[in-house]
Amino acid sequence: MPLWTIYHPVDAYTPETRAEIAKTIVDFYPMLPAFYVGVVFHEMPRDRMFVSGKPTDDFVRIAVDHIARQFPEDALAQKWLNHVSASLAAFTSDLGYRWEVHFDETPFKFWRIQGYPAPLPDSETERKWKADDAASPYDFAA
């Protein structure tokens, strides 16, 4: 599961733009069931977001929790960050916003979906979940 939490100024994004951003983010993960990918938008009034101790309305902060897949190699992580930065520029710097993003990697073993342990990457169960776009019961003890 990647969970993307996007903190942004009030009225920075229309509902249509938020949907476009969410679709862009889902497209970052073609190997995952789409329902693994969550995106949450938080509008931040000027008096609720501060940079350098000063209120701001020109800053977008993106925090991402990665669990389904991780980046064991630094070079791959940097390539990923470059791809993310280029893909999100249309919604951030190109609109005049200052922005930053970070990724946390939670160990796979600390993850449940609908109460089930997530199936192993590219396993038969994960492929079924991807095709169904939903979790379903499986024998995870096997």
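Residues are numbered from 1 along each chain as its sequence is written, and side-chain values use heavy atoms, without hydrogens or water. Because the model is predicted, local features need pLDDT of at least 70 and side-chain atom pairs count only at pLDDT 80 or more, while totals for chains, interfaces and linings use all residues.

Strand β5 spans residues 59–66. Strands (E, at least two residues) and helices (H or I, at least four) are DSSP runs, numbered from the N terminus. Six of the eight residues in β5 are buried (under 20% relative accessible area, 1.4 Å probe, protein chains only).

Two strands pair if DSSP finds at least two bridges between them. Strand β1 (residues 2–9) runs antiparallel to β5, with six bridges. Here Leu3 has Asp65 as its bridge partner. Strand β6 (residues 98–105) runs parallel to β5, with eight bridges. Asp65 stands opposite Asp104 of β6.

The structure holds one cavity of 30 Å³ or more. A cavity is a set of points on a 1 Å grid over the protein atoms alone where a 1.4 Å probe fits but cannot get out; lining residues have an atom within 4 Å of a point. The largest cavity has about 50 Å³ of space. Its volume is the space filled by probe spheres set on the points, which are joined across faces, edges and corners. Val60 and Ile62 are among its lining residues, as are Ile6, Tyr13 and Leu88.

Key:
Buried means under 20% relative accessible area, exposed over 50%, partly exposed in between (1.4 Å probe, protein chains only). On a 1 Å grid over the protein atoms alone, a cavity is a set of points where a 1.4 Å probe fits but cannot get out, and a pocket is an open set with protein on both sides within 12 Å along at least five of seven lines; lining residues have an atom within 4 Å of a point.
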